[in-house]
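Subject: Structure handover

Hello,

Here is the structure for you to look at. My notes are below it.

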Amino acid sequence: MIDESQRNITSVANMPARNRFDFFWQLDTPLFEPPNTCRGGWSGVSQVLLQLDNEKIPVFIKRQHKHQIRYWRHLLRGVPTFEWEYLNIKHLRALDIPTLEPVFFAKRKDKAILITKALADYQSLDELDYKLLNFTQRSALICTIAKIIAKLHAHHLQHNCLYPKHIFVKQLSDQSWDVRLIDLEKLRHKLFKRQALSRDLSCLTRHAPDNWSRTDQLRFFKAYLGQNRLTPAAKTLWHQIAVKAAKKRR
């Protein structure tokens with residue numbers, strides 16, 4: 001929800017495209033969280049109401065200056081981290097993997113702006129009160145998350161930061177949930193699916209909600225693999241993930 005102190009209703013529908021970068025960069029609005037000033041740069045996030053096509057929608061405006069990410073195609077100069085996130089959002093949407101909906105992206109030299117629709121009525125997985133869910137609702141949620149992550153890994157994509165706070169959920173019915181993956185700045189393509197699986201599942205296991213029981217985690221892994229009963233190879237893999245997660249906790 002947007003507090004009154006954060007409310008900033010803006011109309012850009014008739015604004016020339018060349019002027020939008022300057023407008024959003026200079027927009028004076030409170031930051032949603034403290035700015036990131038690491039590595040000699042700056043980035044900040046604001047939440048506002050944006051008027052588009054006669055509709056006011058809540059959005060997050062992410063602005064950054066001199067925050068670059070480097071990978072094999074851009075080893076020397078790098079690219080803005082928000083540009084990398086924008087490209088990853090588009091890639092996941094093209095693969096029909098649920099994530100954020102982009103509204104605007106632009107960059108100028110070492111500055112970049114990314115605007116995405118806010119996930120209204122969603123909760124992050126670490127904020128969800130599991131005590132309010134019955135068995136059917138809980139099972140449906142766990143299986144939905146597992147299948148989405150399995151689809152991500154089937155394309156050899158590694159989230160690299162798969163914490164519960166980066167998985168947003170909204171209940172549609174007792175047996176139906178809408179799940180979105182966010183924070184895609186560190187998403188990478190891996191040569192082998194096993195690399196993505198090992199990294200992401202050990203991370204999620206390590207940071208799983210406190211009230212996820214061992215049975216819940218087993219149900220997740222079965223749904224991820226699409227198995228009603230784990231094969232010997234699957235049991236070995238599950239054990240390896242649990243061991244890796246336990247080592248990271250130390």
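This is a predicted model: local features need pLDDT of at least 70, side-chain atom pairs count only at pLDDT 80 or more; totals for chains, interfaces and linings use all residues.

Start with helix H2, residues 81–94. Its 14 residues reach 20 Å from the first C-alpha to the last, close to the 20 Å expected. Several of its residues are buried, among them Trp84, Glu85 and Ile89. Asp96 follows H2 and has a positive phi, near 65°.

Now the charge pairs. The structure holds nine salt bridges. Three of them:

- Glu85 and Lys62 meet at 2.8 Å, N to O. Glu85 sits in H2 and Lys62 in strand E3, so the pair ties together parts 23 residues apart in sequence. Both residues are buried.
- Asp96 pairs with Lys151, with the closest N and O atoms 3.8 Å apart. Asp96 is in the loop between H2 and strand E6, and Lys151 is in helix H3, so this bridge ties together parts 55 residues apart in sequence. Asp96 is exposed at 59% relative accessible area. Lys151 is partly exposed at 33%.
- Lys117 pairs with Glu101 at 3.4 Å between the closest N and O atoms. Lys117 lies in strand E7, and Glu101 in the loop between H2 and E6.

Shared partners join Lys62, Glu85 and Glu185 into one salt-bridge network. Glu185 is in the loop between strands E11 and E12. It is partly exposed, at 21% relative accessibility. The C-alpha atoms of Glu185 and Ile89 are 9.3 Å apart, although 96 residues separate them along the chain.

Last, the surface. Arg39, Lys186, Arg199 and Lys244 gather there in a patch of positive charge. Arg39 is in the loop between helix H1 and strand E2. Its relative accessible area is 59%, so Arg39 counts as exposed.

Best wishes

Technical notes: Residues are numbered from 1 along each chain as its sequence is written. Side-chain values use heavy atoms; hydrogens and water are left out. Helices (H or I, at least four residues) and strands (E, at least two) are DSSP runs, numbered from the N terminus. The expected span of a helix is 1.5 Å times one less than its number of residues. Buried means under 20% relative accessible area, exposed over 50%, partly exposed in between (1.4 Å probe, protein chains only). Patches are made of residues with over 30% relative accessible area and no salt bridge: like charges are joined within 9 Å, nonpolar side chains (Val, Leu, Ile, Met, Phe, Trp, Tyr) within 5 Å. Accessible areas come from the Shrake-Rupley method with a 1.4 Å probe; for residues, only the protein chains shown count as cover. A salt bridge is a side-chain nitrogen of Lys or Arg within 4 Å of a carboxyl oxygen of Asp or Glu. Lys and Arg count as positive and Asp and Glu as negative; His and the chain ends are not counted. The place of a charge is taken as NZ of Lys, CZ of Arg, CG of Asp or CD of Glu.
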